[in-house]
Amino acid sequence: MRILWALLQKEIRLLGRASNGIFSLVVLVSAMVFLFHFALERSGKMDRTTLIGLKWAILFVASFVLVGQFTWEEREAGGGSASQQFVSPWILYISKSLLVFVALSGTALYLLGLFSLFFSAFPLEFGEWSKHLIFFLPGILNLSFLGVGLSHISLSSRLKEILLPLLIVPFSIPIFLYGMEAERKLATLPFSAVSGSFYLLAAFAVFYGSMGALLVEMTSDHD
């Protein structure tokens, strides 16, 4: 646990170095919400189903922007190569995935706050927010494992971080399909009726997390 905590502290310092990138991410999310509000909400109120899809789409863009920024900072600082001399690569993978999950969760809360401010279909109520987060957070965990694992592949290519979105899209499609559909059904059905989708997203998180750890271990051996 002490090793994991030390690695988390290292990633937090990288996050501090990436403060400009985090600020750019906040500006990007705010701009996207404002543009959709100005283009669509002003001409007619957007329904809840459309906003759920918009929310997931914005988070997907935010995820690979954040992962790409972390990857670039780590590559420039050389922290990843130095840390692999002392701890196993899969431990580095888990620590970075956890920090990306925390950062994306904060972004998700900020995004929900913007939606409550700009869109009338998203009221600022605790009960409503819990419905939005119950499938949103497992989806964020999946995107965190995917982003960190696939960023390891993108770093070994000539395209670097540019390749990352192309790698994430195919694997993230099941997350969006089950996550968005379950969240739409939760608006009218009890959680017990859609609990299968929640467990499926949890299973995807275990699968993607294990796949990413194995992938990092295999590629690090070749290095």
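**Figure 1. Helix α6 has a bend at Leu133.** In this predicted model, α6 bends by about 35° at Leu133 (the bend is the angle between axes fitted to the seven residues ending there and the seven starting there). Helices here are DSSP runs of H or I with at least four residues, strands are runs of E with at least two, and both are numbered from the N terminus.

**Figure 2. Zooming in on Val148 in α6.** Is Val148 buried or exposed? Its relative accessibility is 5%, so Val148 counts as buried. Leaving out residues up to four places away in sequence, Val148 touches Val67, Tyr93, Lys96, Ser97 and Val100 (contact means heavy atoms within 4.5 Å). Then there's Phe64: 84 residues from Val148 in sequence, but 9.3 Å away in space, C-alpha to C-alpha.

**Figure 3. Ile58 sits in the largest nonpolar core.** This core has 50 residues, and Leu51, Ile58 and Phe115 have the most contacts inside it (a nonpolar core is a set of buried Ala, Val, Leu, Ile, Met, Phe, Trp, Tyr and Cys residues joined through side-chain atoms within 4.5 Å). Elements giving two or more residues to the core are α2, α3, α5, α6, α7 and α8. Not counting residues up to four places away in sequence, Ile58 touches Val29, Met32, Val33, Leu111 and Phe115.

Figure 4. In the model, residues 93–121 are 90% helix and 0% strand, with end C-alpha atoms 38 Å apart. Residues 133–155 come out as 100% helix and 0% strand, with 32 Å between the end C-alpha atoms.

**How to read these views.** Residues are numbered from 1 along each chain as its sequence is written, and side-chain values use heavy atoms, leaving out hydrogens and water. Local features need pLDDT of at least 70 and side-chain atom pairs count only at pLDDT 80 or more, while totals for chains, interfaces and linings use all residues.

Methods:
Buried means under 20% relative accessible area, exposed over 50%, partly exposed in between (1.4 Å probe, protein chains only).
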